[in-house]
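The sequence and structure come next, followed by the terms and the findings.

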Amino acid sequence: MTDNNKMEKVISLSKQRGYVFQSSEIYGGLKSAYDYGPLGVELKRNLMNEWWRSMVHEREDIIGIDASIIMHSKVWEASGHLAGFSDPLVDCLISKERFRADKAPRPRAGDKLSITCIDKGQAKTYLNAIQKRFNIELRRNGKILEGLRVIDNKNFGFFNSAEEKPSATFPYSGYVSPTFGIPFLSEERQFNLMFRSQIGPVDVLGDIAALIDDNKKIGGKVLREGIEKIVKKSAVYLRPETAQAMFVQFQNCQQSMSMKIPFGIAQMGKSFRNEVTVEHFIFRSCEFEQMEMEFFVEPGTQKKWLKYWRDARMRWWKSLANNPDKFRYRAHDKNELAHYADACYDIEYEYPWGFDELEGVASRTDYDLKKHAEYSGSKLSYFDQQKQDPETGKNGWRYTPFVIEPAAGATRGLLVYLLDAYHEEIVPDADGKESSRVVMKLHPKLAPIKAAVLPLVKKEGLPKIARDIVSDFFKAGVNARYDEQHSIGKRYRRHDEAGTPYCVTIDGQTKEDGTVTIRNRDSMKQERIPSGNVIERVREKLALS
Ligand code: ATP
């Protein structure tokens, strides 16, 4: 199985088994929006609940909040999102593809720039378009156009075969279009990623119409500024990250729970970004879920805490994975750091397209609290009675805490665990013949269904016994499922694909001696145990009890 292949298989299994569906599929689908199906919703909740448990329920020093998605628009002015939350966007002059410059492939000096089209027809069209616009004739080799090469970080050239010198040179942006590898590109433009809406009983279109009616000759920049003023009055934004609420509610949280520094505020939930490049299934979508925690520390201790959270978060991701080797850290270069951060690590996962971000652990300094204090006029600081003020030497120190932020994607995490769980195996079937199976080796804590209860046949009182066991599972708080459709072999395979760690089978012998078989998803081993012990056995194995 190649890596690309694996991605396609996971996407297809997600649809078939009910993990993830394309949003609004019957209407042709909405770009970059996804629905989590019957298994997906359980998996996502299990993942997020595990995060909540490890961050909030198992620690004394972290409290949680659940803030509104729409906040005062001043929040986004203060945080810098309104002015700066934008991506550098570029258009390919040939294919018209629009993409993010900071994510595009970057061939280096000396590299060939082969343009790879979808088919020969497209290659001919692009060849003609390049000839017409740039006056060079590339060489076509099937669906590939050749002849271009990077000269240095400012120029690329067209080289007639065997010629040492280029017969034409062009300015090089330092990257090429991601889909085709084309270097003929527009200038970069900035684009705000926040979704805007209006709040209150406002008639924005009416006000704009009135503005134009009243100023018949208005146009260009003046018209745009006039419209912006009208829109801004009632504008609200869908939050692009969950983090800001923790800064805005810092004082309320700290005081209501009498928290002492160091302490953290955690939140998980939906965030929205009008992403231009949506890619790799649920890896990057416009609506997604985040799990973020702001950890407030004494100034000067941020290095120690950054390392602490980087390691703690890495351990957590690995603890739920089959392949811990696929996770790694990457320290941000100085020039890559956000303006407010003094250091940052990405926790990366090796996706089928290579290592890429899963979580960022950033040392955000005191930037956010200071900005919100400045914009709101509220005091967002902390008074430590036990410490001396380092400047005055007097007892008691008031300071603005520094912040360490582990910011993870929950839906991106779900993709990671789907990829990690997907296994194809050759195993003996009921008759001892070799057959292949797909099994989702999800960690039992993440598995959507913990136990499936299967009557061997739909008669002879077996369904009743099975349903009673399911009901006992429910009473014990274990998500179990009754399943009587199709042959037992098919049912085992179905639950392998659903990642169900245990199948409990009720057969004729159950009626005679009250025993059932319990089958382990990964080893496929079956054991016979008294039916009265089933719940405890599964709970024990799931480490839930
Ligand atoms: P990227 O560089 O991938 O755009 P980012 O650095 O902008 O991500 P952050 O703002 O640090 O991301 O957000 C924290 C986490 O939220 C990311 O590590 C990622 O897991 C998740 N995330 C961010 N944007 C998206 C998105 N559009 N779709 C899904 N998850 C996302």
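Two strands pair if DSSP finds at least two bridges between them. Helices (H or I, at least four residues) and strands (E, at least two) are DSSP runs, numbered from the N terminus. This is a predicted model, in which local features need pLDDT of at least 70 and side-chain atom pairs count only at pLDDT 80 or more, while totals for chains, interfaces and linings use all residues. Residues are numbered from 1 along each chain as its sequence is written, and side-chain values use heavy atoms, with hydrogens and water left out.

**Chain overall**
- The chain holds 16 helices and 30 strands.
- Its C-alpha trace spans about 90 × 75 × 55 Å along the principal axes.
- Of the 545 residues, 49% count as buried (under 20% relative accessible area, with a 1.4 Å probe and protein chains only).
- Contact means heavy atoms within 4.5 Å; among contacts between residues at least 6 apart in sequence, 64% join residues at least 24 apart.
- There are 83 positive and 76 negative side chains, and the centres of the two sets lie 1 Å apart. Lys and Arg count as positive and Asp and Glu as negative, with His and the chain ends not counted; each charge is placed at NZ of Lys, CZ of Arg, CG of Asp or CD of Glu.

- An open sheet of 7 strands runs in the order 3-16-17-23-20-19-18, with mixed pairing.
- Strand 3 (62-64) and strand 18 (327-331) are at the edges; each has a single partner strand, so one side of each has no neighbour in the sheet.
- From one strand to the next the twist averages 25°.
- Helix 2 (residues 38-57) packs on the sheet and touches strand 3, strand 16 (263-272), strand 17 (287-297) and strand 23 (402-409); its direction makes about 160° with that of strand 16. Axes are lines fitted to C-alpha atoms, for helices over the stretch in contact, and angles run from 0 to 180 degrees between N-to-C directions.

**Antiparallel pairs**
- Strand 18 pairs with strand 19 (residues 343-351) in the antiparallel sense over 5 bridges, and Y329 has I347 in strand 19 as its bridge partner.
- Strand 19 and strand 20 pair in the antiparallel sense over 9 bridges and form a hairpin with 2 residues between them.
- The bridge partner of Y345 is V361 in strand 20, and V361 also stands opposite P406 in strand 23.
- Strand 20 and strand 23 are antiparallel over 6 bridges.
- In strand 20 (residues 354-365), 9 of the 12 residues are buried.

Notes. Buried < 20%, exposed > 50% of the residue type's maximum accessible area, 1.4 Å probe, protein only.
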